[in-house]
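Morning, everyone. Please have the structure open on your screens. I'll walk through a few parts of it.

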Amino acid sequence: MPESPPSPSPAQPQPAFPEPLPASALYRRCDPARLGFATTAELEPLDDAPGQPRALEALQFGLGIRRGGYNLFAIGPAGTGKRTIIDQLTRKRAAAEPTPQDWVYVYNFGEPHKPQALSLPAGRGTQLRQDVRTLIDELRAALPAAFESDDYRTRRKTIDAVFKERQDHAFQKLQRRAKEHDIAVIRTPVGIGLAPMRNGEVMEPEGFNKLPAAEQERLQTEMTAIHKEFQAILEQAPKWESERREKIRELNHDVTRFAIGFRFDALRQRYADLPHIVEHLKVAEHDLVENAEQFLAAAQSSASEVPTEIVARHLFMEQNPYDRYQVNLLVDHSKNGGAPVIEEDHPTLQNLVGRVEYKPQFGNLVTDFTLIKPGALHMANGGYLLLDARRVLMQPFAWEELKRALRASEIQIRSVAEMVGMLSTVTLEPAPIPLHVKVVLSGDRQLYYLLAALDPDFQEMFKVAADFDDEVDRTGDAELSYARLIASITKREKIRPLDCTAVARVVEHAARIAGDSEKVTARLEMVADLLREADHLAAEAGSETITAVDIQRTIDLQVRRASRVRERVYEEIRRGTILIDTTGSRIGQVNGLSVLQLGGFMFGQPSRISARIRLGKGEVVDIEREVELGGPIHSKGVLILAGFLGGRFGIDRPLALSASIVFEQSYGGVEGDSASMAELCAILSALAAAPIRQGIAITGSVNQNGDAQAIGGVNEKIEGFFDVCRAAGLSGEQGVIIPASNVKHLMLRQDVVEAAAAGRFRIIPVRTVDEAMAALTGVAAGARDASGTYAAGSINQRVEAELIALAERAKSFATPERKANAP
Amino acid sequence: MSEPFYIARVIAALDAAGHDDDLLPAAVELAGRLQAEIAGLFIEDENLLRLWASPAVRHVTLGAVRDLPSTEQIEAELRALAAQAEAALAAAATRHGVPWSFRVVRGRPKLELHESTKTKDLVVVGRSRSLAGMPLQLASALQEAARDLPLSTLHLLRQTTLARPIALIRPGSPLADRALAAALRLAGGPAPELDVLLIGDTTDPAPQKTEIASRLKALGARARVRVMSMPSLDELSRALATADGDVLVAAADIPLFRDRDDLSMLLERTRLPVLIVRG
């Protein structure tokens with residue numbers, strides 16, 4: 001006998017048998033007539049982002065504010081057109097902003113391995129480079145000419161003559177003196193020998209010994225004196241040579257200064273308003289004068305006047321000694337108006353911060369400041385840099401170096417090898433360049449939130465998030481705006497115009513992609529793909545405009561191309577390999593619906609869910625969870641339905657049941673809670689011994705109060721079950737139960753809508769599990785009356801009765817000794 | 001031209017003072033080119049030997065002062081230098097397949113050089129006159145002797161390439177053809193290339209230029225002929241500096257060389273090897 005019902009309470013409203021939706025509720029049409037144009041050719045293209053006011057405001061704000069750290073991150077899935085919008089907005093803004101300065105790298109005469117960075121007003125960088133090139137060309141001709149001039153030769157000869165004369169004079173004087181005193185001067189392998197001489201021959205020792213002592217003494221004295229003087233000359237010679245070279249050096253400097261001075265003066269005059277350029281030119285001129293010999297070497301490498309080491313350096317090290325006066329124009333804005341907008345598609349470290357290139361020379365890799373190449377930061381300096389966040393993060397060191405540059409407000413060129421300490425060759429350390437740039441990253445939400453959570457620098461440097469919606473409202477004039485957006489795409493992609501029926505069909509399809517009859521997708525790349533493919537079909541058909549027929553055919557072809565797996569699954573259901581009943585009734589068995597996504601294609605798949613009841617301690621066993629095939633959200637759904645059971649039926653007595661539920665023939669993971677209402681219905685059916693109509697599938701989640709809650713993929717789920725039922729034969733009894741809150745999402749396929757209109761398939765919205773049970777079993781769920789009792793025969797009364805029975809049985813098992821002691 | 005510059009033997013003349021490492025390989029290579037024998041001649045200057053025996057000798061050197069060597073030490077040093085030179089000559093001659101010989105003579109360089117050479121010889125002598133690496137100029141006795149030889153003499157200074165001659169001649173002079181022939185033989189090959197500097201002494205040198213160019217063309221040579229009208233030594237030096245050649249082949253009867261000192265000056269000023277062609 002059942003226990004007394006819960007304490008009396010006001011009678012609950014009796015749940016009704018829910019009615020199927022009319023066909024008109026299954027699909028929201030876009031009326032071509034209301035669009036007000038014949039083809040998109042008549043429409044003004046829309047360069048805005050309709051329905052994205054928040055993102056646009058954020059972009060405008062972020063681009064406008066000129067403060068450190070106010071860089072932007074445009075959030076949104078790929079294909080929403082955010083890059084296009086960002087590009088348009090930044091270019092529009094940049095065009096009205098001042099053109100930034102040009103940057104050049106020049107030789108650092110003080111520290112050659114640290115090239116100097118110089119800035120010039122836009123356009124004057126290229127002018128400076130050209131001016132210096134012209135100067136060098138002139139010097140190439142003028143310097144050799146100066147050194148070939150008679151004036152130079154005369155002065156040079158004079159120097160040589162003076163020193164030679166000094167040397168000759170000293171030598172000859174001594175040689176004459178030696179000869180006069182009969183002393184031979186003879187070259188030896190390592191010096192000069194002096195010995196007494198007679199008749200031009202060195203005197204034999206015997207001959208010398210026969211000389212009178214006075215003569216011997218005289219010769220010895222004279223030789224000692226000459227020897228000393230020769231020795232002095234020999235010791236003096238290096239000094240004379242040094243003096244000679246110094247004189248020649250001074251002469252070379254004079255000649256060089258004379259040849260180049262007025263040219264440098266003229267150049268400095270042109271840049272008088274740029275003191276740092278003037279200073280560089282002064283240093284360059286000084287260096288050129290100091291190294292005049294190198295230019296002689298360049299002009300006449302075999303000339304005897306040029307020191308050998310300079311010739312060697314010229315030949316083997318610095319093939320062109322003029323190179324160091326060149327100007328490496330790193331950033332040239334001569335052809336740009338406004339601030340630059342740079343989009344770097346391949347944001348490697350070097351493509352961002354620039355690089356120092358090397359060239360092979362005699363088996364070695366060498367470099368100089370002319371081989372410094374700019375990166376995107378250089379090119380965007382003073383303007384905007386647009387980057388894909390994922391691509392930046394994929395490149396080693398790129399993200400860290402980008403942050404470093406933004407933090408330090410300067411661009412420092414560093415290579416990967418340098419950063420990992422593997423650089424073994426001599427390289428350059430180019431002077432850093434001040435950086436003023438607005439970086440706009442774009443990426444998906446997951447990336448944004450991961451960066452925000454894991455990178456402490458991120459939010460300091462990217463303070464503005466422009467959050468693009470995945471879909472936008474379809475209310476008011478939104479359909480017309482969308483039509484203009486379509487017109488923009490056709491114009492940009494050179495796609496033939498769409499007539500109004502085609503536009504209407506595209507809008508409807510955009511709502512279907514959004515999975516919401518009141519929204520349209522903002523993933524414009526998918527729409528653009530649809531238009532491109534429809535254009536191709538229209539072209540094949542020889543049509544000037546794209547019609548709704550072309551659009552529909554394109555959609556059908558897209559589905560067909562992607563639906564191989566779906567067809568195989570449905571085939572196995574039809575063949576009875578996957579057990580799905582679409583007729584008859586079964587206790588504790590219901591058709592749930594799930595969605596499979598393969599690539600970009602989603603389809604619904606019916607799954608048989610079964611529940612078994614036995615005596616237990618109130619637990620609901622989720623077999624999927626037990627074998628670790630159920631995900632956490634699915635497990636949560638099961639626990640919620642257990643909570644519902646306890647709340648409704650276990651207030652006054654323990655739930656002495658053990659229920660097990662399972663997705664039959666499911667061998668992969670199950671995730672999501674969209675089957676929780678189906679699972680609850682299967683348990684209630686098992687408890688009430690109420691057969692469930694197998695022609696009706698059910699989807700929806702449920703809360704602990706038994707309210708039906710919206711789920712995703714409702715269209716695909718309905719269509720999936722429809723396809724299975726149609727294959728088995730539509731009886732008019734088949735249909736799908738959905739949460740009432742999902743009705744607004746319905747954008748069903750045309751064949752489903754037609755079947756519903758003809759009464760051959762039903763979409764039944766429910767607000768509660770009671771309504772769902774009524775629809776599934778044809779038996780009223782029942783509500784408690786004022787006495788707290790369910791109507792006899794109702795589903796809930798039968799469930800409660802079964803639970804009381806289970807509790808009694810459990811109770812009897814719990815007191816075995818009474819039985820044992822009974823008489 | 002029926003071989004007006006026939007050389008039967010190239011004599012590489014060496015002494016202890018003006019030793020030059022590049023001389024022997026260059027002389028052997030030249031002998032091979034001229035299809036001549038190579039003969040090494042190492043002259044031990046007897047004055048040098050006597051020098052060390054003199055009780056009154058003084059020696060001027062740069063750097064550390066050494067004890068004066070004995071005559072025996074000097075002789076041993078000379079023998080070592082000669083042996084070293086012979087080995088170098090033998091190696092180079094074998095490499096080039098040139099018949100070779102080597103002699104060591106002792107005496108006065110001028111005399112020994114005269115006595116050891118014949119009419120069809122060409123003497124190769126070093127030109128380095130620096131003293132212990134110093135720019136001081138003091139010719140050795142051998143170098144002095146070579147300038148007075150009546151034979152063709154090649155004065156080498158380090159550089160040993162002799163492939164692109166610059167011929168320096170006075171048109172119509174007795175030695176002009178011989179110098180041109182020498183230059184052609186040095187240039188070698190079926191289409192030799194050479195620069196020719198004509199030292200003209202007429203007001204209109206054009207016919208001479210044309211005539212020389214035609215003759216060389218007939219011989220298959222590609223010549224660039226320039227005329228210099230009685231140049232000074234400076235002008236000649238400048239012309240040589242800009243000419244595209246690596247050896248100067250000069251007829252000895254050029255008026256400029258009548259003064260022995262002018263030839264010495266030219267040898268001092270140019271870095272090119274200089275072949276003085278004599279009859």
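Chain A has 30 helices and 30 strands. Keep in mind that this is a predicted model. The chain has 823 residues, and 42% of them count as buried. Now take the contacts in chain A with a separation of 6 or more. Residues 24 or more positions apart account for 77% of those.

Let's start with a sheet. A quick reminder: strands of a sheet pair through backbone hydrogen bonds, either parallel or antiparallel. In which order do the five strands of this open sheet run? In chain A, the order is β8-β13-β16-β1-β17, and the pairing is parallel. At the edges sit β8 (341–344) and β17 (464–467) of chain A. Each edge strand pairs on one side only. On average, neighbouring strands here are turned by 20 degrees against each other, ignoring direction.

Zoom in on one pair. Strand β1 of chain A covers residues 72–75, runs parallel to β17(A) and is joined to β17(A) by four bridges. Look for Phe73(A): opposite Phe73(A) is Ala465(A) in β17(A). Helix α2 of chain A, residues 53–64, packs on this sheet. Helix α2 touches β1, β16 (438–443) and β17 of chain A. The direction of α2 makes about 155 degrees with that of β17(A).

Next, helices against helices. Two packed helices are described by the angle between their axes and the distance between the axes.

First example. Find helix α19 (residues 500–514) and helix α21 (residues 548–562), both of chain A. Their axes come within 7 Å and cross at roughly 35 degrees. Who makes the contact? From α19(A), the residues include Ala502(A), Arg505(A) and His509(A). From α21(A), they include Asp550(A), Ile551(A) and Ile555(A). By class, the contact of α19(A) with α21(A) has six nonpolar, three polar and two charged residues.

Second example. Go to helix α22 (residues 564–574) and helix α26 (residues 714–728), again of chain A. These pack at an angle of about 45 degrees, with axes 10 Å apart. On the α22(A) side, Tyr570(A), Ile573(A) and Arg574(A) take part. They meet Asp723(A), Val724(A) and Ala727(A) in α26(A). This contact of α22(A) with α26(A) has four nonpolar, no polar and two charged residues.

Notes: Residues are numbered from 1 along each chain as its sequence is written. Chains are lettered from A and ligands numbered from 1 in the order in which they are written. This is a predicted model: local features need pLDDT of at least 70, side-chain atom pairs count only at pLDDT 80 or more; totals for chains, interfaces and linings use all residues. Axes are lines fitted to C-alpha atoms, for helices over the stretch in contact, and angles run from 0 to 180 degrees between N-to-C directions. Helices (H or I, at least four residues) and strands (E, at least two) are DSSP runs, numbered from the N terminus. Two residues are in contact if their C-beta atoms, placed from the backbone, lie within 7 Å. Ala, Val, Leu, Ile, Met, Phe, Trp, Tyr, Cys and Pro count as nonpolar, Asp, Glu, Lys and Arg as charged, and the others, Gly among them, as polar. A residue is buried if 20 or more other C-beta atoms lie within 10 Å of its own, exposed if 12 or fewer, and partly exposed in between; C-beta atoms are placed from the backbone. Two strands pair if DSSP finds at least two bridges between them.
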